[in-house]
Amino acid sequence: MLFRSGVGLYRDGAAPLLLMSGGGAGPATEASVMRDLAREAGVPEMAVLLETESRNTFENAAYTARVLRGMGKTRVVLVSDRMHLPRAARLFRRAGLEVLGVAGVPASSLRRAFGAVLYEAASHLRGLFRRRAKT
């Protein structure tokens, strides 16, 4: 689902490059799976970049920023799950990237949407407790 939004942005000319981000524990990284799907949808190989080391959103942001800065780029249109998007955008900004726009993809089912809400709420609470512990 995410790769389709990215492919749409590429086709519309809003994103000249697609950077697929995400590692994973399986035989293929999340980023490489999304790359393969984008290629099947007609996105040229030279328009797709990969970041395959990250294991969480904080690392997605940090490692994506590293890749883009290495190319002299700092602006992104961020594509993620709708529930995840506010936190992801915040982390990408903290990593030094200018988030020009966001594209929120709906959850594939009500069950996944509910799980995403719970996960994001827990992440928010963890962040609050960490900030209080530091002060």
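Q: What makes a set of residues in this predicted model a nonpolar core?
A: The residues must be buried, must be drawn from Ala, Val, Leu, Ile, Met, Phe, Trp, Tyr and Cys, and must be joined through side-chain atoms within 4.5 Å. The largest such core has 13 residues, and among them Ala61, Val76, Leu78, Phe92, Leu97 and Val99 touch the most other members. Two or more residues come from each of α3 (57-70), β3 (75-81) and α4 (85-94), and α4 gives the most, with five residues. A second, separate core of twelve residues includes Leu9, Ala15, Ala31 and Val43.

Q: How do you know which residues alanine 61 is in contact with, leaving aside its neighbours within four places in sequence?
A: Contact requires heavy atoms within 4.5 Å, and by that criterion alanine 61 is in contact with Leu91, Phe92, Ala95 and Leu97.

Q: Why is methionine 20 called buried?
A: Methionine 20 has a relative accessible area of 6%, and the term buried applies under 20%, so methionine 20 qualifies as buried. This residue is found in strand β1 (residues 18-21), and, not counting residues up to four places away in sequence, methionine 20 touches Ala31, Met34, Arg35, Ala38, Val48, Leu49, Leu50 and Glu51. One of these, alanine 38, lies 18 residues from methionine 20 in sequence and 9.6 Å from it in space, C-alpha to C-alpha.

Q: What makes β1 and β2 a pair of strands, and in which sense do they pair?
A: Pairing needs at least two bridges, and β1 and β2 have four, in the parallel sense, so they are counted as paired. Within this pairing, leucine 19 stands opposite leucine 49 in β2. Together with helix α2 (residues 30-40), the strands β1 and β2 make a right-handed β-α-β unit.

Q: How do you know what span to expect for α3?
A: The expected span is 1.5 Å times one less than the number of residues, and for the 14 residues of α3 this gives 20 Å, so the reach of 20 Å from first C-alpha to last is close to what is expected. The buried residues of α3 are Thr57, Glu59, Asn60, Ala61, Thr64, Ala65 and Leu68, and these pack against β1, β2 (48-51), β3 and α4.

Definitions and conventions. Residues are numbered from 1 along each chain as its sequence is written. This is a predicted model: local features need pLDDT of at least 70, side-chain atom pairs count only at pLDDT 80 or more; totals for chains, interfaces and linings use all residues. Side-chain values use heavy atoms; hydrogens and water are left out. Buried means under 20% relative accessible area, exposed over 50%, partly exposed in between (1.4 Å probe, protein chains only). A crossover is right-handed if, with the strands pointing away from the viewer, the path from the first strand over the helix to the second runs clockwise.
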